[in-house]
Amino acid sequence: MNKKELEEVKKVVRNVPDFPAKGIQFKDLTTLFKDAKALRTVADALVDLYRDKGVTKVVGIEARGFIGGSILATELGAGFVPLRKPGKLPAITIKKSYTKEYGVDVIEIHQDAITPDDVVVIHDDLLATGGTMMAAYELVKTMNPKKIYISFICGLKFLGGLEKFPPEVEVTTLFDY
Ligand code: AMP
């Protein structure tokens, strides 16, 4: 991972104050995704982390996790699996509900998407409180893959989301705030 290049990438991310609610500093990664050099740096850094780990499936969390997740899957020669909001996946699914700051949310995955032979990376763009990723991790875990890795492009370290995950799970962010 090239730390210096990733520091440059971090500068490309747009901060939008008070979106979607007052007091939130929203990290807008669309300015990173539209920048060819920054996108290349992120793709290379993600692939470097998992190159030799025998990954067979990358699970991307709707919606921003689909971008880095598909890149990672393609570059690793793995398959891509969408983890979606309720009612979007057409075949038989398994679900998990989890508590968010305001109310409860549900995520779904096709029941045949992951098998016990799989080595899985679950990917999302940004780690905030970690609630969404923890629910995704628990859902994928019920499908008994050989191993689960967790990947983010960036993390809001000060929110302490990393502490939600069991110590045996490898959680990576490419850069942090
Ligand atoms: P959380 O469950 O709190 O870790 O939040 C997860 C989701 O919300 C991630 O998929 C992020 O894309 C999004 N998110 C939360 N906070 C922010 C923020 N400050 N800037 C950008 N995205 C955010």
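**Figure 1. The loop between β1 and β2.** D18 is found in the loop between β1 and β2 of this predicted model. Phi of D18 is near 60°, a positive value in a residue other than glycine. The peptide bond that joins F19 and P20 is cis, and its omega is about -5°.

**Figure 2. Pairing of β7 with β8.** Strand β7 (residues 119-127) and strand β8 (residues 147-155) run parallel and are joined by eight bridges. D124 stands opposite F152 in β8, and the bridge partner of L126 in β8 is C154. Of the nine residues of β8, eight are buried, so this strand is largely enclosed by the rest of the structure.

Figure 3. D125 has its place in strand β7. The residue is buried, with a relative accessible area of 5%; the cut-off for this class is under 20%. When residues up to four places away in sequence are not counted, D125 touches L29, R64, G65, F152, I153 and C154.

Figure 4. D118 is found in the loop between β6 (104-110) and β7. Its relative accessibility is 5%, and D118 therefore counts as buried. Residues touched by D118, not counting those up to four places away in sequence, are T56, K57, A113, P145, K146 and K147. With T56 there is a polar contact between the two side chains, at 2.7 Å. D118 and M143 are 25 residues apart along the chain, and their C-alpha atoms are separated by 9.6 Å.

**Figure 5. The approach to α4 and the helix itself.** A63 is found in the loop between β3 and α4, and the peptide bond from E62 to A63 is cis, with omega near -5°. Helix α4 (residues 65-76) has twelve residues; from its first C-alpha to its last it reaches 16 Å, close to the 16 Å expected at 1.5 Å a residue. Just after α4, G77 takes a positive phi of about 70°.

Figure 6. An α-helix has 3.6 residues a turn, so residues three or four places apart point the same way.

**Figure 7. Helix α3 and its covering elements.** At the start of α3, a side-chain oxygen of D35 reaches to within 3.1 Å of the backbone nitrogen of K37. The end C-alpha atoms of α3 are 22 Å apart, which agrees with the 21 Å that its 15 residues should span at 1.5 Å a residue. Buried in α3 are A38, T41, V42, A43, A45, L46, V47 and Y50. The cover over these residues includes α1 (3-12), α2 (30-33), α4, β7, β8 and β9.

**Figure 8. The loop between α5 and β8.** N144 has its place in the loop between α5 (131-141) and β8. Although N144 is not a glycine, it has a positive phi of about 55°. N144 is exposed, with a relative accessible area of 52%; the exposed class begins over 50%.

Methods. Residues are numbered from 1 along each chain as its sequence is written. This is a predicted model: local features need pLDDT of at least 70, side-chain atom pairs count only at pLDDT 80 or more; totals for chains, interfaces and linings use all residues. Side-chain values use heavy atoms; hydrogens and water are left out. Two strands pair if DSSP finds at least two bridges between them. Helices (H or I, at least four residues) and strands (E, at least two) are DSSP runs, numbered from the N terminus. The expected span of a helix is 1.5 Å times one less than its number of residues. Buried means under 20% relative accessible area, exposed over 50%, partly exposed in between (1.4 Å probe, protein chains only). Contact means heavy atoms within 4.5 Å. A polar contact is a pair of N or O atoms within 3.5 Å; within protein, one must be able to donate a hydrogen and the other to accept it, and residues adjacent in sequence count only if both atoms are side-chain atoms.
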